[in-house]
Amino acid sequence: MALTSWEQTAATKRQSVLAAIPEKWRIKGPIPSPTEQRDVTGPYIQQFLSPREIEITETDAVGITERTTTGQWTAVEVTEAFCHRAALAHQLVNCLHEIFFDAALETARVLDDHYTKTGKPLGPLHGLPVSLKDQFHVKGVETTMGYVGWINTFQGKTDDPRYLTHESELVKELRAAGAVLYCKTSVPMTLMSGETMNNIIVYTHNPKNRLLSSGGSSGGEGALIALRGSPAGFGTDIGGSIRVPASFNGLYGIRPSVGRMPYEGAANSWDGQNTVLSVVGPLSSSARGLVLLFKTVLGAKPWLGDPGVLEIPWREDIVEETRKLVQGQPEGLAFGIFYDDGLVKPQPPVERAMRIAAETIKSLGHKLINWQPPSHQTAASIAVSSPPSSPNQSFTTTTAPPYNKPTNHPKNRAYNLDGGADAFQNFALSKETIHTSVVIDTSGSPQKTALEIAALNVEKREYQKQYLDYWNSTAQVTGTGRPVDAVICPVAPHAACIPGKYATIGYTAFINVLDYTSAVVPVTCADRGVDVLGTEGREYFGELDRRTEGEYDADVFDGAPAGIQLFGRRLQEEKILVLAEYLGEEIRKASA
């Protein structure tokens, strides 16, 4: 069958990515199917690497910089090891959009020359390979963001002089810190999906279980880091796009509040929409890797290059204050917790991850408070669409007024203010097919008026105020004299998901509406012998809840990572990073 024009363009681009992999790093012979070899992490990918490459690539970001900034490891050997492993990762799960290994190795040589001549590193990330979601512009490297119509253009514009010459603010800061940039990772078309798929890369699978999804929209980042093809990288998050891939791939990731990380000069969907803003944040195999990247970017004073960044340097005093609370001084910590959002009950692996986290917190002597905030249904209705009309479909999480009275809202709200115009415009460039998993309105609904947008912004502000008041009120029940320090909850109803079956962004999008700080902590992996559905009947919240439970198969999900979400109030990044590292380490020790 003859390919259409856009199919041929996509296939050519797809082949060009594979062609950028050196012949010596190409996997010889057929790659087993997902049913034959579902887990390609650990021993499977290691078979293609030397012992030295394994040593380097399985060291976390902090461990790498401890060696590259002191001359123990050269930037070239570290870069080459990660380029090799990234090349293997792409062949196994389709996680890269752009490969520029030659440029990376040249950067590494320059860094090594600098160290030889000066005896000093260029910066705190000297010699550290850092991967980037394919929204960030890098000189000499294309940015397609999953659109066929963006190939050989600058964001769809054929005559824009910024094509292959422009760099995002974050990229400039990473270079100045000594990072080595070497690849850009896959995203779903429009960026709006809990899975990563587009007509160029097709589908990015979960490295721990290739029957399942790597998540989205930073799914390529999640898959690459899970395969240790990168020690750490950057994604973006408007509805869960850092947290979902972090959880699905057994990683740490943080969604900071708006204004902490630079977004200037990066590509995006619906650029200019500001009811619910997308934010930049790191993902890493370790919590301390997140701290390293976050602290380094703030150390570059990004507010001098991005007018949207707040002038808030890294606050070591908050770090020290939080560490004292962790140690039980003077009265320990108090966590809020909720196990489901009242719309979709999590599947067994996620339920178990939540129980492990709760039991760990209690065993450490900290307090656990049942979290009953203003309805998360209201938050979801602000971000996505109208709340469910049937009472048994409500995902209200409290029984106390006024928080349990969601109002009727029109469909397609903050995420679809333009009625899908931006997405349709980009799809029209190539006339490519739109994937059904894209979370945008494709019905051609009218764009919202200025008055409608203003009313939605007021509604969001009022909801944020209600939530803040509730948070403050918990000081009466924590026993610490303070409101809860953080809240834990699921990231999604499932540990990864079956392709095409992502259930809901209800567990993550409310954070974006509130603009709270949220980090993901890896906890466990699905176990077919343990994570089985109960035999007793239960009442369902609605059809989505019933369907999500019905899609769970213990054999299919076996091995999929399951994490939890840990969130605090706005601009509490330092505190949440300390708590994420602490909780993650204690969970790891308890599971050992």
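Which helix is V78 found in? I looked this up in a predicted model and found V78 in helix α5, residues 75-93.

**Entry: around V78**

I checked the accessibility of V78 next. Its relative accessible area is 0%, and because buried means under 20%, V78 is buried. I then listed its contacts, leaving aside neighbours within four places in sequence: V78 touches I56, I64, T68, W73, G127 and P129. I also looked at L128, which is 50 residues from V78 along the chain; the two C-alpha atoms are separated by 7.6 Å.

**Entry: strand β9**

I turned to strand β9, residues 252-255. Y252 and I254 point one way, G253 and R255 point the other way, and all are buried. Which strands does β9 run antiparallel to? I found two bridges joining β9 to β10, residues 279-284, with the strands antiparallel. I found three bridges joining β9 to β14, residues 517-525, also antiparallel. For the individual pairs, I noted that Y252 stands opposite S284 in β10, and that G253 has V520 as its bridge partner in β14.

**Entry: helices α15 and α17**

I looked at how α15 (residues 450-473) packs with α17 (residues 506-514): the angle is about 100 degrees and the axes are 9 Å apart. Angles of 65 to 115 degrees count as roughly perpendicular, so α15 is roughly perpendicular to α17. On the α15 side I recorded K460, Y463, Q464 and Y467, and on the α17 side F510, V513 and L514. These contact residues divide into five nonpolar, one polar and one charged.

**Entry: salt bridges**

How many salt bridges does the structure hold? I noted 36, and I followed up some of them.

K24 pairs with E80, the closest N and O atoms being 3.6 Å apart. The pair links distant parts of the chain, 56 residues apart: K24 is in the loop between α1 and α2, and E80 is in helix α5, the helix that also holds V78. K24 is exposed at 58% relative accessibility, whereas E80 is partly exposed at 29%.

E551 meets K501 in a salt bridge of 3.9 Å, N to O. E551 lies in the loop between α18 and α19 and K501 in the loop between β13 and α17, so the pair ties together parts 50 residues apart in sequence. I have K501 down as partly exposed, at 38%.

R570 pairs with D515, with the closest N and O atoms 3.0 Å apart. R570 lies in the loop between β15 and α20 and D515 in the loop between α17 and β14, so this bridge ties together parts 55 residues apart in sequence. R570 is partly exposed at 42%, while D515 is buried at 9%.

Last, I noted a network of salt bridges linking R260, R315, E573 and E574.

How values were computed:
Residues are numbered from 1 along each chain as its sequence is written. This is a predicted model: local features need pLDDT of at least 70, side-chain atom pairs count only at pLDDT 80 or more; totals for chains, interfaces and linings use all residues. Side-chain values use heavy atoms; hydrogens and water are left out. Helices (H or I, at least four residues) and strands (E, at least two) are DSSP runs, numbered from the N terminus. Buried means under 20% relative accessible area, exposed over 50%, partly exposed in between (1.4 Å probe, protein chains only). Contact means heavy atoms within 4.5 Å. Two strands pair if DSSP finds at least two bridges between them. Axes are lines fitted to C-alpha atoms, for helices over the stretch in contact, and angles run from 0 to 180 degrees between N-to-C directions. Angles under 35 degrees count as roughly parallel, over 145 as roughly antiparallel, 65 to 115 as roughly perpendicular and the rest as oblique. Ala, Val, Leu, Ile, Met, Phe, Trp, Tyr, Cys and Pro count as nonpolar, Asp, Glu, Lys and Arg as charged, and the others, Gly among them, as polar. A salt bridge is a side-chain nitrogen of Lys or Arg within 4 Å of a carboxyl oxygen of Asp or Glu.
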